[in-house]
Amino acid sequence: MQLQTEIEHLFSTQQKEWDQLRSAVRQLDDMKTKTFSWDDQLHVNVQFNPARSALMEASPQRENKPGVCCLCEPNRPAQQRGIPFLDKYIILCNPFPILRNHLTIPLFSHVPQRMGKKIRDMLTLAEQLPDYVVFYNGPDSGASIADHFHLQAGRKMPVLLQGDHELRSCLTIESENKNEVEELFDDVLHYLKGRQPEKEEPMMNVITYMDKNSYRVQVFPRRAHRPSCYYMEGKEKILVSPGAIDMAGCIITVREEDFDKIEKQHIIEIFTQVSLPVI
Ligand SMILES: [Zn+2]
């Protein structure tokens, strides 16, 4: 069976047997959104997604032992079942979705969130999921669990595929040749390491997807984990903690007051503060 079909089956059976997932998927259907546009070149959706609240306010978990990590198999919810991938990952339905068919894809083993050579795994997954984006959040760039490697994926939306814009940096790699994409990605990583030599891995978000027969990789280099409005108090505060989906063009808010008040100027400030300018 094709992997996309298997995932459709997984979602429909998991929604029957797992109340939390069923209600989360329903909430996604009714979620409030609004859209801002910069001419016709960039559109940014803002989503009000209160279920993400606990994840957004958490510090990235770094010191989890395998005994308590929620991505390690023995600690996952009893109802959660998955589909093995490449003999080292398990594809799971995410019970806190921001996209349709939102998937969390942890490695079996409890190892830190580091890209290393795993771009190839992302491309292989994107190849098998032509209707999806596959994405990676670096440990200081939106990942809420930083000590157990995981990818995510979800149904494509046009707003996620927009690429570079003066509001925030996005380095795009495109080729029909997987090896070439890998090599170019290594070059990008090498350049970004030079920009942030003090980091174990340059701060970044990565989105991969298929555009007909071409692999596309979009790298969003980062200079800050969160914008200053995240740390403000009172009326100035907006709880936004950007990951790949936010950087691409779908900003997640978890408090209704933030959703109501966020305007174009806030979005410009958020992107300016967290995106690393590249030449
Ligand atoms: Zn783990």
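Cys-72 is buried (under 20% relative accessible area; exposed is over 50% and partly exposed in between, with a 1.4 Å probe and protein chains only), at a relative accessible area of 6%. Cys-72 is one of the residues that coordinate a zinc ion. The model is predicted: local features need pLDDT of at least 70 and side-chain atom pairs count only at pLDDT 80 or more, while totals for chains, interfaces and linings use all residues. Residues are numbered from 1 along each chain as its sequence is written, and side-chain values use heavy atoms, with hydrogens and water left out.

**Zinc site**

- Cys-69 (SG), Cys-72 (SG), His-110 (ND1) and His-148 (ND1) coordinate the zinc ion at 2.0 to 2.3 Å; donors are N, O and S atoms within 2.8 Å of the metal (3.2 Å for Na, K and Ca), and sites may look incomplete since water is not among the atoms.
- Angles of 99 to 120 degrees between the four donor atoms make the arrangement tetrahedral, a term for four donors with all angles between 85 and 135 degrees.
- Along the chain, the donors of the zinc ion have the spacing C-x2-C-x37-H-x37-H.
- Cys-72 lies in the loop between helix H3 (53-57) and strand S3 (82-85), and His-110 in the loop between strand S5 (103-106) and helix H4 (119-128), so the pair ties together parts 38 residues apart in sequence; helices (H or I, at least four residues) and strands (E, at least two) are DSSP runs numbered from the N terminus.
- His-110 is partly exposed, with a relative accessible area of 24%.

**Phe-108**

- Phe-108 is in the loop between S5 and H4 and is partly exposed at 47% relative accessible area.
- Not counting residues up to four places away in sequence, Phe-108 touches Pro-84, Asp-87, Lys-88, Tyr-89, Ile-90 and the zinc ligand His-148; contact means heavy atoms within 4.5 Å.

**Salt bridges**

- The model has 17 salt bridges, each a side-chain nitrogen of Lys or Arg within 4 Å of a carboxyl oxygen of Asp or Glu.
- Glu-8 pairs with Arg-155, with the closest N and O atoms 2.4 Å apart; this links helix H1 (residues 3-17) to strand S7 across 147 residues.
- Glu-8 is partly exposed at 33%, and Arg-155 is partly exposed at 26%.
- Asp-121 forms a salt bridge with Lys-88 at 3.3 Å between the closest N and O atoms; Asp-121 lies in helix H4 and Lys-88 in the loop between S3 and S4, so the pair ties together parts 33 residues apart in sequence.
- Asp-121 is buried at 10% relative accessibility, whereas Lys-88 is partly exposed at 34%.
- Arg-255, Glu-257, Asp-258 and Lys-261 are linked in a salt-bridge network.

- Seven of the ten residues of H4 are buried, among them Asp-121, Met-122 and Leu-123.
- Asn-101, in the loop between strand S4 (89-93) and S5, is buried at 14% relative accessibility.
- Leaving aside neighbours within four places in sequence, the contacts of Asn-101 include Glu-8 and Arg-155.
- Arg-168 lies in the loop between strand S7 (150-155) and strand S8 (171-175).
- Arg-168 is buried yet has no salt bridge, and the nearest side chain of opposite charge, Asp-164, is 4.8 Å away; Lys and Arg count as positive and Asp and Glu as negative, with His and the chain ends not counted.
- A polar atom of the Arg-168 side chain lies 3.2 Å from the backbone oxygen of Ala-248.

Terms used. Tetrahedral: all angles 85-135°; square planar, octahedral: opposite > 155°, others 65-115°. Polar contact = N/O pair within 3.5 Å; in protein donor to acceptor, adjacent residues only side chain to side chain.
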